[in-house]
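User: I would like to go through the charged side chains here. Can we take them one question at a time?

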Amino acid sequence: QYDKDGNMVYEGFRVRDTNACYGTRYYPENHQIAYVGNWHMGKRWGRGVQYDRAGKVVYEGDWMNNRPMKKRVEVSCDEESKLTYPLNTEELIIVEYAFCDRHMKKLDLSIFSSLRVLEIDEGCFCNVVSTHIEGFDRLEAVRIYSSCFEVNDDWGEGRGKFFLCDCPALKEFVVGNKSFQNCLVCEMRNLPNLETISIGDVKEEEADCFWYSSLVLRNMPKLKTVTLGGACFCGCHKAVFEDLPMLESIQLGKDALKFVDLRGTVLMLSNLPKLTTLTTCGDSESFWGPHIVTFEGLPALTTATIFSSFHAVRKWRVFNAGALESHYGVCGHNAHSNIRSLSELRSLGKTLKELVVDAGCEAYTKTKKLNFSEYKNVTRIVIGNQSFKRVKEVIVEGLPLLVELVFGEGCFSYADEVS
């Protein structure tokens, strides 16, 4: 293609009078290349390079509608349906109160394969039920601020779902207060470079994130800190921290990770060799209600500040659990115990000289009365923490050789009489 003075201005493919497919555009006054790359309907569209009149590269990359495609895209609430979103976007910023259409129930961002940073401001996607952030090879940070994904019309039912999976470059995951309040499922897996999880403000008593969800964190080799705000995961069925070799700190706001009192609820902290700090706030009921508790492989744990916890535990496994082994509510196994059940006590006969009952023994037995007065030769009775909690009458009398009597924390919690 030539201009009216006979200077070449374009060389390449054309459809009729329109530049198409691939070609080169020139500056007519000095015959320098102005642009070389893809064309569509006469516009620079696709991959291409723009030069100045001296031959220096001005921009190299993707084009759309005759303009360089932005790596950073901001979407405000009045632009939701107007924008064409470049698929090579690296930073996607959703401005506050965007995408709250009642008909939008699912968020899937998989078309943005080049995404590195995702930020969602306050009050966005308030009616989205299912959120999928999955399969992003380059994604490094996810920041979701307050009151997003609330599903307000269904509060109290717990039907939202959140998936953060298969993002090998992700380092940071942040969620603000009141986001995902009504979420029933929170799944995070295959995040080998994740270092920080911060969900809600630990100083806020009612951060309320993922109220109904369980939390399972496994096999995250670089995870260092987990922070959960007040009342986050407050109705969970399962909380698992397992095989996290770099985890140093778990900080819980008031009532974070409080369990529903249902059969089969599970709390597990296992193989966390660098964990030094496990804390909660004030009169928190964090860890209240699980029925099955495992604490093992926590050799570095020196600070464990938890309060009204471990109500209703049916089964304990405690081994090499650091500071938790001496926590008043934890039933650590006593290697010197000779009694682990009522049937074992009865089978040993009445001539025993020592009765050392393991922690958590028969915590929820249907037996209402224990009479230790039958063991006339006994010199020592030691009952571990949280044992015989539902026994109502305990008799210890007429034992002339008895020199030591110890009842651990939480034993005979409902006893009416101790003679």
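User: How far apart are the closest N and O atoms of Arg143 and Glu119?
Analyst: This is a predicted model, where local features need pLDDT of at least 70, side-chain atom pairs count only at pLDDT 80 or more, and totals for chains, interfaces and linings use all residues. Residues are numbered from 1 along each chain as its sequence is written, and side-chain values use heavy atoms, leaving out hydrogens and water. The two residues form a salt bridge (a side-chain nitrogen of Lys or Arg within 4 Å of a carboxyl oxygen of Asp or Glu). Their closest N and O atoms are apart by 2.8 Å.

User: Which parts of the chain does this pair tie together?
Analyst: Strands are DSSP runs of at least two residues, numbered from the N terminus. Glu119 lies in strand E10 and Arg143 in strand E12, so the pair ties together parts 24 residues apart in sequence. The strands are E10 (residues 117-120) and E12 (residues 141-144).

User: Is Glu119 buried or exposed?
Analyst: Buried means under 20% relative accessible area, exposed over 50%, partly exposed in between (1.4 Å probe, protein chains only). Glu119 has 18% relative accessibility, so Glu119 counts as buried.

User: Which residue in strand E14 pairs with Arg143?
Analyst: Arg143 also forms a salt bridge with closest N and O atoms 3.2 Å apart. The partner lies in strand E14 (residues 172-175), 29 residues from Arg143.

Methods:
Helices (H or I, at least four residues) and strands (E, at least two) are DSSP runs, numbered from the N terminus.
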